[in-house]
Each structure stands twice: as structure tokens, then as C-alpha cells.
Amino acid sequence: MNPVNVIGMGQGIEDLTQTHLNLIQNCDVLVGGKRHLELFKSSGKKQLAITGDINGLIGTIKELIPEKKIVVLASGDPLFYGIGSTLTKHIDTAYLKIHSNISSISAAFAAIKMPWQDAKIISLHGRQKENFSFASLLDENKIAFLTDPHMDPEFIAQGMLNEGIFEFKTCVLENLGGGEKEKISWFDTPEQIKNQVFSQPNVVILIKTRLDKKEVLHETHFGMDDELFKHDKGLITKSEIRTISLSKLKLIKKDHVLWDIGSGSGSVGIEASFQIPWGLVFAIEKHSDRISDIIHNINNFNCSNIKVLNAAFPEGVEELKTPDRVFIGGGGNELGSIIDAACEKLSQYGVIVINTVILQSMNTALTHLKKNNFKPNVIQVQVSRSKEMPFGDRLEALNPVWIISGSKP
């Protein structure tokens with residue numbers, strides 16, 4: 001069986017070595033984007049264009065491998081958000097040969113003569129617009145975006161304006177390696193980018209100009225001491241329970257959206273926010289006197305991806321982003337209707353976790369989750385903490401807590 005040679009084009013045909021050119025010359029089938037295939041239209045090779053039907057293209061490549069020598073042309077570096085990454089998931093890597101080249105990000109930083117080992121790289125290719133959190137940018141000093149025609153420099157600028165982010169200057173690099181078409185533009189504010197037209201392909205780089213980020217004066221971790229959070233009359237998910245509850249939420253993606261309903265002190269949402277730096281936490285609390293505690297704790301931990309909503313759920317949530325995870329730490333007599341509304345809003349395969357110390361509420365949670373076709377799991381957690389006595393230590397029990405969880409079918 002013939003190997004498939006995946007060749008990175010770098011910034012253009014001038015970045016190809018003689019080895020690359022020989023492989024292209026000797027192949028039977030040339031695969032690539034229309035822009036790259038156009039460079040070799042006179043070669044007489046059978047050409048397959050990379051379009052939206054990736055699965056169909058991969059199927060065709062697999063059919064041709066036994067008989068034909070195939071070269072796939074990739075933008076930049078094949079394994080840097082490129083077609084090479086896709087091919088490794090569908091074709092045995094024993095039959096792939098990857099020829100690396102200059103990526104668009106390395107070329108972009110070279111063009112502005114700036115080191116990039118400390119940069120955050122974000123690809124917007126194929127992302128859903130509503131799933132990207134610009135609030136997470138505040139934790140970075142240097143960011144590079146791979147854009148696409150829909151999530152372009154103007155989209156980035158508008159997202160920064162929506163979140164009130166003005167700490168960066170922006171560089172837009174158009175047609176890198178394109179000779180006279182190459183253009184590099186700097187902007188001091190996101191307003192300057194709005195309503196401008198930029199040619200594709202382009203790369204956007206953000207450089208923080210204000211490095212006065214507030215530092216958290218203590219280490220952060222799961223299950224932090226309750227005393228680190230401002231709370232009223234013990235209304236806080238205790239540290240041990242908090243740790244287990246977070247594990248049940250299964251925050252496996254950094255851009256998850258979490259609704260923290262009955263947020264109380266905000267402790268669960270705050271610790272969750274560390275796990276989803278590109279996502280969002282909505283802290284929803286109906287008691288207005290607890291909102292100041294939540295805001296105090298958010299500021300104390302310098303969390304930039306938490307939004308606070310003073311409302312009796314489900315009031316006011318129509319405009320919120322669809323949650324991937326829901327945590328319910330309160331609800332009282334309205335728990336049943338809260339669960340029903342949360343289940344309806346939760347994304348497919350999303351996870352819901354409910355904590356309660358009341359027996360009747362556990363039954364309510366199970367009944368309503370089953371009504372919504374969930375298959376709930378229940379654990380009961382009993383925690384005792386050591387307490388000093390005159391001649392030794394004793395254990396003091398906290399209230400037992402039922403943790404009910406399930407995923408949306």
C-alpha cells in the first residue's frame with residue numbers, strides 16, 4: 001500500500017523544498033484546497049479539492065491508497081489545526097508521512113518580530129460563535145487567533161467590546177506570504193476594527209498593554225477552605241462536598257457553560273470556573289442579600305468568566321447561553337419546577353448535579369429527573385471533621401448530603 005504524503009505548504013510555494021516538489025511531481029493524485037491546487041493546475045495530476053465533505057474525501061483517499069500515490073497539500077503546518085490532524089484520526093498513521101513546514105502562527109509572530117513561546121493559540125475554525133468566551137482572554141498576555149470567514153477580526157473586536165476588554169492592542173495580518181497582498185495592521189482599540197473589511201486568510205494577534213492584573217493572595221485548588229469564602233450563616237457548599245460535586249459535574253471541556261442555580265456564596269461556581277477557563281459560569285441567586293457575597297468572592301479569586309444573575313430561576317435566563325452543566329444547590333419548595341426547567345434548557349448529553357440535605361428534596365429530585373428521562377445516580381456523603389478537645393481530638397459530624405446526578409439523554 002502506498003503512503004500518503006501530507007505536505008505543509010508553509011506560506012506559499014516558495015517554502016517547498018526540492019523533496020516536496022519531487023513528491024508532487026511523482027504523485028498520481030493531488031489533494032488540497034482550491035488555492036493550493038491552482039498552483040499546480042498545469043501538472044496534469046488528478047486533483048481532489050478539500051471541501052466541506054471531509055468524510056467523503058477521506059473515503060475517496062482510502063479507496064485510492066492501494067493503487068495510487070497520493071499527496072495532500074496542507075496550509076502552513078499539516079498538524080497545526082490542519083488537514084493532517086484530521087487524516088491521523090481516520091487513516092492508519094503507518095500509511096501517513098507528514099512533512100512539516102512553517103505554520104501561519106509562527107509566520108505571524110516572525111512578521112512582527114515577537115517571541116511566541118508564551119502565547120495562547122486559539123483556532124476559531126468551525127467554532128459555534130455562542131460557545132466562545134472572550135472573558136477568558138483577561139488571563140492571557142499574548143493571544144493568537146486563527147480566524148475563518150465567519151469568525152473574523154470584526155467578530156473578535158465585537159466580542160472584546162461586549163465584554164468590556166480594552167487591555168490589548170490588536171494586530172491583523174492578512175495574506176501572510178502573499179507578496180504584495182500581504183498586509184499588517186495595528187489597532188489600539190477594538191472600536192477601530194469594527195466595520196472594516198479584511199481579506200482572507202488572516203491571523204489576529206492580541207498583545208496585552210496593561211499588565212496590572214490583580215493577583216490572588218493564596219493558592220487555588222479544589223475544595224478550598226470554607227473560610228476563604230465570604231458567606232452568611234454557613235450557607236456554603238462545604239469544601240469536601242464541593243470537591244465531590246465538582247467531580248460529578250464532569251467538566252471535561254475547557255469551554256463548558258455552567259449554570260450554578262442557588263449559588264449562595266458562589267463557591268461551587270468559582271471552583272468550577274478554574275476548570276473551564278474558556279467557558280462561562282452563570283451564578284444564579286434569587287436572594288439579593290447574597291449577591292454581594294458572591295461578587296466579593298469572585299473579586300477575591302479574580303475570576304473573569306463568571307456572570308452573576310439576581311433572579312428566581314428560571315426568570316431571566318432566556319438570554320443566557322445554553323448550559324452544558326447545571327448545578328443546583330438550592331430550591332426549597334420550588335425544586336421540582338427548577339429541575340424541570342433546567343432539564344429542558346440543558347444541552348444534549350449535558351450533566352445536572354443536585355445537592356440537598358432534605359429527605360423530601362432527594363425524592364423530588366429523583367422523581368423529576370426520571371420524569372425528564374434521566375437515569376439519576378444518588379450518593380450520600382457524611383463528613384466528620386476533627387475538633388480539638390482538652391486531652392485530644394474528636395470528630396464532629398457535618399450534615400449528611402445527598403448528591404443526585406444524571407446526564408441528559
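Strand 6 and strand 7 (residues 142-146) run parallel and pair over four bridges; strands are DSSP E runs of at least two residues, helices H or I runs of at least four, both numbered from the N terminus, and pairing takes at least two DSSP bridges. This is a predicted model, where local features need pLDDT of at least 70 and side-chain atom pairs pLDDT 80 or more, while totals for chains, interfaces and linings use all residues. Residues are numbered from 1 along each chain as its sequence is written, and side-chain values use heavy atoms, without hydrogens and water.

**Exercise 1.** Work out the strand order of the open sheet, and find its edges.

*Solution.* Start with the order: 6-7-10-8-9, with mixed pairing. Next, look at the ends: strand 6 (120-123) and strand 9 (183-187) each have a single partner strand, so one side of each has no neighbour in the sheet.

**Exercise 2.** Find which strands helix 6 (residues 153-162) lies across.

*Solution.* Helix 6 lies across strand 7, strand 8 (168-174) and strand 10 (202-208). Then take the angle: helix 6 runs at about 30° to strand 10, with axes fitted to C-alpha atoms (for helices, over the stretch in contact) and angles from 0 to 180 degrees between N-to-C directions.

**Exercise 3.** Describe how helix 10 (residues 335-345) and helix 11 (residues 359-371) cross.

*Solution.* First, the axes of helix 10 and helix 11 come within 9 Å and cross at roughly 30°.

Key
Contact means heavy atoms within 4.5 Å.
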